[in-house]
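Work through the exercises below with the sequence and the 3D structure at hand. Try each task before reading its solution.

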Amino acid sequence: MEMDSLPNGNSTIPTTTIPTTTPSTALSSKLTQLTESLKLEHQFLRVPFEHYKKTIRTNHRAVEKEVSSVISVVNDAADSDISNDDAVQHLTSLVSRLQGLKRKLEEGSRTENLQAQRCRARIDHLESADAENLSEWNNMRMKRILVDYMLRMSYYDTGLKLAESSDMLDLVDIDVFLESKRVIDALQKREVAPALAWCADNKSRLKKSKSKFEFQLRLQEYVELVRAEDHLRAITYARKYLAPWAATHMKEMQRVFAIVAFKSNPECAVYKVFFEPKQWDYLVEQFKQEFCRLYGMTLEPLLNIFLQAGLSALKTPYCYEDDCTKEDPLSQESFRKLALPLPYSKQHHSKLVCYITKELMDTENPPQVLPNGYVYSTKALEEMAKRNDGKITCPRTGLVCNYSEVVKAFIS
């Protein structure tokens, strides 16, 4: 339902009537609020758990590879006729490799323990929330959301300082985002090697989600070879790294293979797009999305999601008018942009709020109309008249009149 503003610019905005509550009712309300809040903490537990699982998989693969190699060497040595000196040398080499494996296992075990400890700390944090410390817990939650936003926006140092000063390093994912930072920094320098290494580490999961990210990286590397006019290497590279993707990405490959016939700055728009610098920005954004999916994060920062939830209750057509009051968050361009994809709030009951006192105008404090048509609350006008010997000054136009000249307004 659309709501129009009155002549004085007072918008009809929603307000909440606060009923009289008993301590037991207030406690029940807090518990309900807490329960609903905890339902939103999926990412809070999912990210460290996914990181923990990834570390376990990485350590397991490293151990399997090293043990398999050692066993293979032992079998080869057993099947061949070698002298005692050679046998001793082989065994010494194997012992050295096994000692190196032991060190890796110890280091991996420490990392796993730290990550398990982080998961435990987050569970304890959620369990510590109750009605008594709800305000303090919500304050900590707000700081977590701010750190999440800073890390996503690449303000790593600021996010780290806030986490350290609030003693919540175990409650935020700084190490996870630092992992992404290395790849993002490399892509911004037009280097794909770290991103390809990341794809190799997460190959099975990316394949399961049908990700195109690795293909896009290979495609961009091919384009860079064509840009450098190293056509022979470009063709060799395409045969080795792009041909395996032919079954699923034939259309894109047919287009990109044609660019080898052009110079690095073709006139045709279909092929020119491959050489534009924004392709690297696209890769950065695509990596961020794949990274978030891999760890079970929301694609949008949590701060944006929470702000949009609030703005969805405030957004009305009046918010986008020129005379929208400054008290309305949607009078600011940044909030308007954030609320752009949101639907208008559906208000069944509208209320009038006084421009002077910001208080509700109702039967107890009815609206009154000045001779110039502007409307204010009775309370505000009475207080003004007492201070000015019965004179009323309109704060919007400067009109001065007697209190006896104002007329009570009736709302149906």
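**Exercise 1. The whole chain**

What percentage of the 412 residues of the protein chain count as buried?

Solution. The model is a predicted one. Of the 412 residues, 35% count as buried. Next, take the secondary structure: the protein chain has 16 helices and eight strands. Last, take the contacts between residues at least 6 apart in sequence: 62% of them join residues at least 24 apart.

**Exercise 2. The cavity**

Find the residues that line the largest cavity, and sort them by class.

Solution. Step one is the count: the structure holds one cavity of 30 Å³ or more. Its volume is about 30 Å³. Step two is the lining, which consists of Pro 48, His 51, Gln 115, Arg 118, Asp 173, Asp 175 and Val 176. Step three is the sorting: two of the lining residues are nonpolar, two are polar and three are charged. Helix H2 (42–79), helix H3 (84–127) and helix H6 (174–188) each supply at least two residues.

**Exercise 3. One lining residue**

Is His 51 buried or exposed?

Solution. First locate the residue: His 51 is part of helix H2. Its relative accessible area is 10%. The cut-off for buried is under 20%, so His 51 is buried. Then list its contacts, leaving out residues up to four places away in sequence: His 51 touches Gln 115, Asp 175, Val 176, Glu 179 and Tyr 295. Gln 115, Asp 175 and Val 176 also belong to the lining of the largest cavity.

**Exercise 4. A helix**

How far does helix H4 reach from its first C-alpha to its last?

Solution. Helix H4 covers residues 134–152, which is 19 residues. The expected span is 1.5 Å times one less than the number of residues, and for H4 this comes to 27 Å. The model gives 27 Å, close to that expectation. Next, look for buried positions in H4; among them are Leu 134, Trp 137, Arg 141, Arg 144, Ile 145 and Asp 148. An α-helix has 3.6 residues a turn, so residues three or four places apart point the same way. After H4 comes Ser 154, with a positive phi near 75°.

**Exercise 5. A sheet**

In what order do the three strands of the open sheet lie?

Solution. The order is E5-E4-E8, with antiparallel pairing. Strand E5 (375–377) and strand E8 (407–408) are the edge strands, each pairing on one side only.

Definitions and conventions: Residues numbered from 1 in each chain as written. Predicted model: local features only at pLDDT ≥ 70, side-chain atom pairs only at ≥ 80, totals over all residues. Heavy atoms only, no water. 1 Å grid on protein atoms, 1.4 Å probe; cavity = no way out; pocket = protein on both sides within 12 Å on 5 of 7 lines; lining within 4 Å. Points joined across faces, edges and corners; volume = space filled by probe spheres on them. Helix = DSSP H or I, 4+ residues; strand = E, 2+ residues; numbered from the N terminus. Nonpolar A, V, L, I, M, F, W, Y, C, P; charged D, E, K, R; others polar. Buried < 20%, exposed > 50% of the residue type's maximum accessible area, 1.4 Å probe, protein only. Contact = heavy atoms within 4.5 Å. Pairing = 2+ DSSP bridges.
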